[in-house]
Amino acid sequence: MQARFFPDAPLARDVAARFGTPCYVYDAAHLDRAADAVLSFAAPFGLTARFAAKANPNRAVLRRFAAKGLHFDASTTFEAERVIRAGVEPSRVQVTAQMLGEGIERLVAAGVRVTACSLAQLERIAALRPACGVGLRINPGAGSGANNRTQVAGRDASFGLWHEQVSDAAAIARRHGIAIRWAHHHVGSGGDPAKWAAIAATTLSFLDRLPDVDTVNLGGGFKVARIDGEKETDLAAAAAEAAGLLRAFAERTGRRLRLEVEPGTWLVANAGAIVARVVDVVSTGRDGHVFVKIDAGMAEILRPSLYGAQHPIGFAAADGARPLGAPQPLLVVGPCCESGDLLTPAPGDPEGLGHRTLPLPAPGDLCVIGGAGAYCAAMAARNYNSIPAAPEVMQAADGSLALVRRRQTFEDVFRDESC
Ligand SMILES: Cc1ncc(COP(=O)(O)O)c(C=O)c1O
């Protein structure tokens with residue numbers, strides 16, 4: 001299992017003193033280890049490992065992963081452009097998007113690979129005649145995610161081409177004289193590893209109708225354990241399952257498919273934390289609750305409010321002199337004017353309250369939220385309640401800290417208003 005980066009009290013105090021709170025902190029050594037693990041995903045006929053940039057598109061993360069040898073998946077043309085501007089060769093970037101937005105023609109001309117996610121997208125990309133051919137994201141008819149909101153395949157999901165239309169896609173490609181070179185699926189985030197393999201087998205079964213496919217991309221979705229009790233995907237076991245399927249496919253068809261995977265969460269989630277400060281402690285009486293209010297919430301980390309996601313939380317005395325109080329059941333909330341700005345929801349239930357038994361802090365003490373490297377800085381209710389976006393800091397292997405995104409100023413929040 002991956003180690004979890006969780007700043008101890010001295011590091012939390014150092015971050016707070018130098019960069020203020022709230023502040024994201026990433027551990028470079030953890031990112032490197034995670035990249036190495038994904039790059040050693042064993043594949044019988046070759047591997048391309050991509051980072052799903054949406055999980056954390058900070059330039060420092062992109063550059064680190066690019067130097068390691070990872071390729072990238074982008075969910076929008078903007079994201080693809082951002083990866084390229086971080087210095088990545090366009091041919092190492094793939095767009096798999098709900099919407100082919102601004103600049104797709106320029107990106108294709110530069111060598112970016114596009115995975116068509118519908119018949120209309122396929123028509124559009126085929127007409128651009130990309131030299132590398134085109135990919136096809138298939139909705140294989142079943143998905144697997146940690147919850148309904150992260151399950152992105154099956155009848156209830158709009159992502160990818162419905163599998164019954166694979167022959168229509170092949171006909172479009174033939175009409176344009178272009179090869180569908182890779183088949184792709186991404187069926188959900190944090191889903192059941194056993195289902196991942198079963199769905200992979202389904203996707204391979206469509207390839208008889210796609211004779212030019214030489215690569216299969218099985219997406220991301222590998223689970224991490226952010227908190228004790230959560231089960232992490234065993235990458236080696238997943239690789240062994242995929243390898244078995246690819247070998248069987250090769251024996252049956254003579255086609256030796258290259259494998260692609262594109263995790264986001266697995267590469268970054270447990271490499272990041274948020275350092276925040278306790279701003280208040282309030283109670284709703286004997287039969288009520290004790291709420292610890294901190295200065296980080298849905299404007300920095302939306303996952304608990306959105307999914308009932310569980311993140312490890314700890315407190316540290318501000319100065320080390322006055323100890324924290326005795327442990328007791330607490331609810332931790334953010335500063336936004338929403339009852340949903342709750343950092344301790346019941347597991348999987350954003351509406352429910354999930355008490356944590358933790359030492360009681362006082363205003364001014366520090367709070368650390370772990371598992372915050374993926375879909376936190378990248379996916380928050382940024383600027384809600386006019387809160388300036390928090391900075392991001394990278395800890396190098398020697399322990400030194402570098403600012404990799406400054407805190408927004410208050411003026412940044414409304415700078416673009418034109419009235
Ligand atoms: C197409 C695609 N690939 C990869 C991922 C990464 O998923 P995860 O962060 O669960 O690994 C996503 C996430 O939504 C995605 O949409």
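How many residues of domain 1 are in contact with domain 2, and how many of domain 2 with domain 1?

## Two domains and their contact

The model is predicted. Its chain is divided into domain 1, residues 28-268, and domain 2, residues 269-414. In the contact between them, 20 residues of domain 1 meet 24 residues of domain 2. On the side of domain 1 that touches domain 2, the elements giving two or more residues are α2 (28-39) and α10 (265-268). Helix α2 supplies the largest share of that side, 5 residues. Sorted by class, the side of domain 1 that touches domain 2 holds 10 nonpolar, 7 polar and 3 charged residues.

Taken over C-alpha atoms, the centres of domain 1 and domain 2 are 32 Å apart.

## The largest nonpolar core

In soluble globular proteins, nonpolar side chains tend to be buried together. The largest nonpolar core in this model has 121 residues. Within this core, Tyr24, Ile274, Val275 and Ile369 have the most contacts. Helix α9 (residues 235-253) gives the largest share of the core, 6 residues. Both domain 1 (28-268) and domain 2 (269-414) give residues to this core, so the core lies between them.

Ile369 is found in strand β18, residues 366-369. With 27 other C-beta atoms within 10 Å, against the 20 or more that a buried residue needs, Ile369 is buried. Leaving out residues up to four places away in sequence, Ile369 touches Ala273, Ile274, Ala276, Ala296, Ile301, His311, Ile313 and Leu343.

Along the sequence, Ile369 and Val275 are 94 residues apart, while their C-alpha atoms are 6.6 Å apart in space. Apart from its neighbours within four places in sequence, Val275 is in contact with Pro7, Ala12, Val15, Ala16, Thr21, Pro22, Cys23, Val25, Leu366 and Val368.

## Helix α6

Helix α6 spans residues 119-128, and Gln121, Leu122, Ile125 and Ala126 are buried in it. Seen down the axis of α6, the buried residues fall within an arc of 125 degrees, so they line one face of the helix. An α-helix has 3.6 residues a turn, so residues three or four places apart point the same way. The exposed residues Ala120 and Ala127 are on the face of α6 turned away from its buried side.

What do the buried residues of α6 pack against? Their partners are α5 (104-110), β5 (113-116), β6 (134-139) and α7 (166-176). Just after α6, Arg129 takes a positive phi of about 50 degrees.

## Around the ligand

Which residues come nearest to the ligand? They are Ala52, Ser189, Gly220, Gly264 and Thr265, out of the 16 residues around the ligand. By class, the shell around the ligand is made up of 5 nonpolar, 9 polar and 2 charged residues.

## His355

His355 lies in the loop between β16 (349-353) and β17 (356-359). It is partly exposed, with 14 other C-beta atoms within 10 Å. Not counting residues up to four places away in sequence, His355 touches Pro329, Leu330, Leu331 and Thr344. His355 and Cys23 are 332 residues apart along the chain, and 24 Å separate their C-alpha atoms.

Conventions
Residues numbered from 1 in each chain as written. Predicted model: local features only at pLDDT ≥ 70, side-chain atom pairs only at ≥ 80, totals over all residues. Domains from an automatic or database assignment. Contact = placed C-beta atoms within 7 Å. Helix = DSSP H or I, 4+ residues; strand = E, 2+ residues; numbered from the N terminus. Nonpolar A, V, L, I, M, F, W, Y, C, P; charged D, E, K, R; others polar. Near = placed C-beta within 6 Å. Core = buried A, V, L, I, M, F, W, Y, C linked by C-beta atoms within 7 Å. Buried ≥ 20, exposed ≤ 12 C-beta atoms within 10 Å, placed from the backbone. Arc of directions from axis to C-beta.
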